[in-house]
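Let's take a walk through this structure together, with an eye on how side chains meet. Have the sequence and the model open as you read.

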Amino acid sequence: MRLRKSAALAVALAFAVWSSLAQAASEQMQELTEALRIGDMVEILRQEGFTHSQQLAADLIPGRANASWSKQITTIYDTGWMEQVVSQTFAEEMQGAALAPLITFFTSDTGREVVELELKAREALLDEKKEQLAGQLYRRAKRNNSWIYEQITELIEDSDLVEFNVAGSLNSNMMFYRGMADGGAFTLSEEEMLADVWSQEEQIRADSEDWLGPYLMLAYQKLDREELSAYAGLYRTEPGQKFNTAIFKAYNTLYDQISYALGRAIARQLKSEEL
């Protein structure tokens, strides 16, 4: 009888410890996601998405972007759903990771400034003139081989930003094709869709390289050398590398689901015209 009581007590104590650790981890994750301001980034992505959907309609269903299309786009770019996808995927990918160093950085003055500057730069690039200005700033820094150009180049390489962007874009394009195929817009095989997507790799890589440098230059130009060095150094740590992979996975998961939904929406419009 004593053994049973002891075993039950041990299980109860273990469960209590596990519950306490799980709650602490959950609270840490909430603190980190709040510091990253995912909701604010999602709102900017929504604005980007509306612009992208307009171009998509002009290219694939010219003159047929009616009220039905607008309703579908509004549903697809629902910020509540978008934030949930990103936050949930990020939390899943960060399971078991050391969150404390990341929280320490992103809740610091430098960390909060980095997040704010990244958001402002992303929003600024919605304006074509500001996008051109960012390109000019980056090219000037490159010509002068300035310290900030060297630091941004190092950050891009250390974090595999080009590769993550290329992989994400290729996957999103494939999901768009699948959405169109599942919606009955065409009858291409998986192999044919995959071949077409891979044929875009070189252009996607060039576009990613052209976009990343100017975006990061626009975002980080107000940081001093020490602040930017500290941020770049974060991605050379184990928690930073885990964070980098997880945050890309989170946003790429969102893009994949949006791309598939857009493919289905295009297919619906095409099918409705046939009827």
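Contact here means heavy atoms within 4.5 Å. Before we use it, note that this is a predicted model, in which local features need pLDDT of at least 70, side-chain atom pairs count only at pLDDT 80 or more, and totals for chains, interfaces and linings use all residues. Residues are numbered from 1 along each chain as its sequence is written, and side-chain values use heavy atoms, with hydrogens and water left out.

Start at Q269, which sits in helix α13 (residues 238–274); helices are DSSP runs of H or I with at least four residues, numbered from the N terminus. Leaving aside neighbours within four places in sequence, Q269 is in contact with I61, R64, N66, S68, W69 and Q72. Its relative accessibility is 2%, so Q269 counts as buried (under 20% relative accessible area, with a 1.4 Å probe and protein chains only).

Now for the rings. The whole structure holds 14 aromatic pairs, meaning rings of Phe, Tyr and Trp (its six-membered ring) whose centres lie within 6.5 Å; planes under 30 degrees apart count as stacked, over 60 as edge-to-face and the rest as tilted. F105 and F106 make an edge-to-face pair, 5.1 Å centre to centre with 85° between the planes. F105 is buried at 11% relative accessible area, and F106 is buried at 2%.

F106 also pairs edge-to-face with Y231, at 6.5 Å centre to centre and 85° between the planes. Because F106 lies in helix α5 (residues 100–106) and Y231 in helix α12 (residues 225–234), this pair ties together parts that are 125 residues apart in sequence. Y231 is buried, as is F106. Ring pairs link F90, F105, F106, Y220, Y231, Y235 and F243 into a cluster.

Methods
Buried < 20%, exposed > 50% of the residue type's maximum accessible area, 1.4 Å probe, protein only. Helix = DSSP H or I, 4+ residues; strand = E, 2+ residues; numbered from the N terminus.
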